[in-house]
Amino acid sequence: MAGGTDEDHELMAGIARGDAQAFRRLIDRHAGWGVGFVERMVGARADAEDLVQTAFLRVWQGAAKWERAARFRTWFYRVLYNLCMDHFRANAVPTEDLDEELPDGQPSVEERYASAQRADRVRAAISALPARQRAAIVLCYYQELSQADAAATLGVSEGALESLLSRGRESLRKSMQHELH
């Protein structure tokens, strides 16, 4: 996953000048993980692609106002997170599915079926979490952000993020209790 580097800062400066090539390069660097994050949040690939496209439109329109002191990746996660929250409010319905990769290898049909069933239950358990707990879990465990970056994305302190993670893990533990035995 691409991070917030000097290259991102240079690309944002180019975008602020209207450089379409810089914009394409920034999209190439960040669209993949952006779609992955949003899809895990909202559960639908098409919605995720639409929301990421909207986020990049905001990048294009707001590049001149972007603060160079901010890490692009952290700032962009925040834009994506806010769009997800808007999506949840607009639809007033919790999302159903979060993507989860199945393990590599050649499992039997029965193992693949059991794994798919377990993944469905995990997705359902994660999607049942309150949106902020879900975001904390997805950012830290699926997107592998540091706690500092995840906290910045959510606009909370690291202590508050740890609380969200703790409550989210406890809720998941309770809802998945039968899986653990």
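Is Met176 buried or exposed? In this predicted model, Met176 is buried, with a relative accessible area of 11%. The residue sits in the loop that runs between α8 (158-175) and α9 (177-180). Once neighbours within four places in sequence are set aside, the contacts of Met176 are with Arg121, Val122 and Ala125. For Val122, the separation from Met176 is 54 residues in sequence, while the C-alpha to C-alpha distance is 7.5 Å.

The structure contains eight aromatic pairs. One of them joins Phe23 and Trp60 in a tilted arrangement, with 5.0 Å centre to centre and 55 degrees between the planes. Phe23 belongs to helix α2 (residues 20-42) and Trp60 to helix α3 (residues 45-62), so this pair ties together parts that are 37 residues apart in sequence. Phe23 is buried at a relative accessible area of 16%, whereas Trp60 is partly exposed at 34%.

Another pair is formed by Trp33 and Phe76, and its geometry is edge-to-face: 5.9 Å centre to centre and 85 degrees between the planes. Trp33 is in helix α2 and Phe76 in helix α4 (residues 72-91), and the pair links these distant parts of the chain, 43 residues apart. Trp33 is buried, with a relative accessible area of 9%. Phe76 also counts as buried, because its relative accessibility is 0%, and the cut-off for buried is under 20%.

Which residues do the ring pairs link into a cluster? The cluster consists of Phe23, Trp33, Phe37, Phe56, Trp60, Phe72, Trp75, Phe76 and Tyr77.

Conventions. Residues are numbered from 1 along each chain as its sequence is written. This is a predicted model: local features need pLDDT of at least 70, side-chain atom pairs count only at pLDDT 80 or more; totals for chains, interfaces and linings use all residues. Side-chain values use heavy atoms; hydrogens and water are left out. Helices (H or I, at least four residues) and strands (E, at least two) are DSSP runs, numbered from the N terminus. Buried means under 20% relative accessible area, exposed over 50%, partly exposed in between (1.4 Å probe, protein chains only). Contact means heavy atoms within 4.5 Å. Rings of Phe, Tyr and Trp (its six-membered ring) pair if their centres lie within 6.5 Å; planes under 30 degrees apart count as stacked, over 60 as edge-to-face and the rest as tilted.
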